[in-house]
Amino acid sequence: MITGKDLIELGFKPNKWFKEAIEYANKHQLSGDSLTNYLETFRPNHIEPFAEPVHFYKNIRAETAEEILNVESVLSAMNELMKTPTLVGGAVMPDACPTGNGQIPVGGVAVANNAIHPSMHSADICCSVMMTNFGMLSPKAVLDMAHSVTHFGGGGRAEFSVLPKEFEEKIAGNRFLNSERSLSFARTHLATQGDGNHFLFVGISKKTGETMMVTHHGSRGFGANLYTQGMKLAEYFRKEISPKTSEKNAWIPYDTEEGKTYWDALQLVREWTKLNHTTIHNATTQGLKIDPFDRFWNEHNFVFKEDDLFYHAKGATPLDDKFVPDSKDGLRLIPLNMSEPVLIVKGNTTANNLGFAPHGAGRNISRGRHKKNLAHKTIEQIFHEETKGLDIRFFSNHIDISELPSAYKDANMVKQQMQEFGLGEVLDEIMPYGCIMAGDWEIDAAWKVKAREKYKNREENGDSVEPDY
């Protein structure tokens, strides 16, 4: 009798096809070459990375010395990325900035055939923006009310932790989302916005004078938990079908049971993220005792499907309505920085934009490098210089200079290149009044406070040690 041990000794890794193969081999009394030849039919044909990168469109042009270095890094990363054997096309937007060699940059679009690449949607699945029009209401009143109902920083909150029953049932039916950990994130992270570049912005329509609020955040722990599982699953498939492909560009084949279930999980994460935005916007309108005049939203960090093609947009705004099932009049939001307007745009698919536009202003240098460049000034001095005339608030009460306007690319350059490369038409601009961001909330994080206390105690005891935070 042939057993799984025999197959392993012949050089085959344990696999779900073992059961079928063992039954067939024993039924037909296979041995020797006849057994080996039969088993070889189960051995996967490995897919090799391309020797040369697939063509991608470069909707970006360097205008300064700093920008030249950034663009070179972006294009170098894209050239490596586009050797991934699933890819059939791609594009780079004017706000692009690198995330690592061979990885999709922020501001990148990668089109794959029958494949979902978790690293190309990243942990912040469905990072997105939503706008509510408050009519002629005072922008300060809107910002004050929004400040009282939103939440930035780590962790979750209890006030809004009840999910719609129908949505919980959907979560329960998906193997990637139905754990207690995933459900806890979905409940406790509702009405929270996280940290980093996420914001709540209030401004005035240049066209109508109406007050508008825009929120920016992703799917928080609910999406990050799915991403972790997606990367593990993609790595399993990579080892089986394309071991020479970089781990960071591993993929889940859509035509598998796992692929279809993962795709469904992505749609539920999208639904949760929209609910998260809506919860904050509704709490604000209810607190102000008004009904919204208008509202729409769009993601800019997601995977979009068209037949067998999967468009991975890592910081790129979908223009084409085929990518946005709940599109409102084809309108999209593109924020720039806290001192610049949020653009309301509309556009068509072209050969070079693939149906996408920039998602914001992007960065030329890292957060750490930006802080070092400004080390000759105090944090307060930088803040006052860059936010003059604006109502800028940090939820943690600690200023994060890596989110101030100078940390980002020149907004006018991004707008000019949008026009140059046909990346959407600006219909209106929401002129800035003020915004809220997380700020440097980790200063007060429990682990950091504990580390500082530990360091202080060592100093008081005369120990000469470096702080471990």
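1. In this predicted model, Arg270 and Asp326 are joined by a side-chain salt bridge (2.8 Å, N to O), a term for a side-chain nitrogen of Lys or Arg within 4 Å of a carboxyl oxygen of Asp or Glu. Because Arg270 belongs to helix α10 and Asp326 to the loop between β11 (316-318) and β12 (332-334), the pair links parts 56 residues apart in sequence. Helices (H or I, at least four residues) and strands (E, at least two) are DSSP runs, numbered from the N terminus.

2. Arg270 also forms a salt bridge with Glu299, whose closest N and O atoms are 2.5 Å apart. Glu299 is buried at 0% relative accessible area, Arg270 is buried at 9%, and Asp326 is partly exposed at 25%. Buried denotes under 20% relative accessible area, exposed over 50%, and partly exposed in between (1.4 Å probe, protein chains only).

3. A salt bridge also connects Asp321 with Arg332 (2.8 Å, N to O). Asp321 is partly exposed at 42%, whereas Arg332 is buried at 0%.

4. The largest nonpolar core has 77 residues, of which Phe222, Leu226, Leu266 and Phe356 touch the most other members. Such a core is a set of buried Ala, Val, Leu, Ile, Met, Phe, Trp, Tyr and Cys residues joined through side-chain atoms within 4.5 Å. Helix α10 (residues 257-288) gives the most to this core, with seven residues.

5. Residues are numbered from 1 along each chain as its sequence is written, and side-chain values use heavy atoms, without hydrogens and water. Local features need pLDDT of at least 70 and side-chain atom pairs count only at pLDDT 80 or more, while totals for chains, interfaces and linings use all residues.
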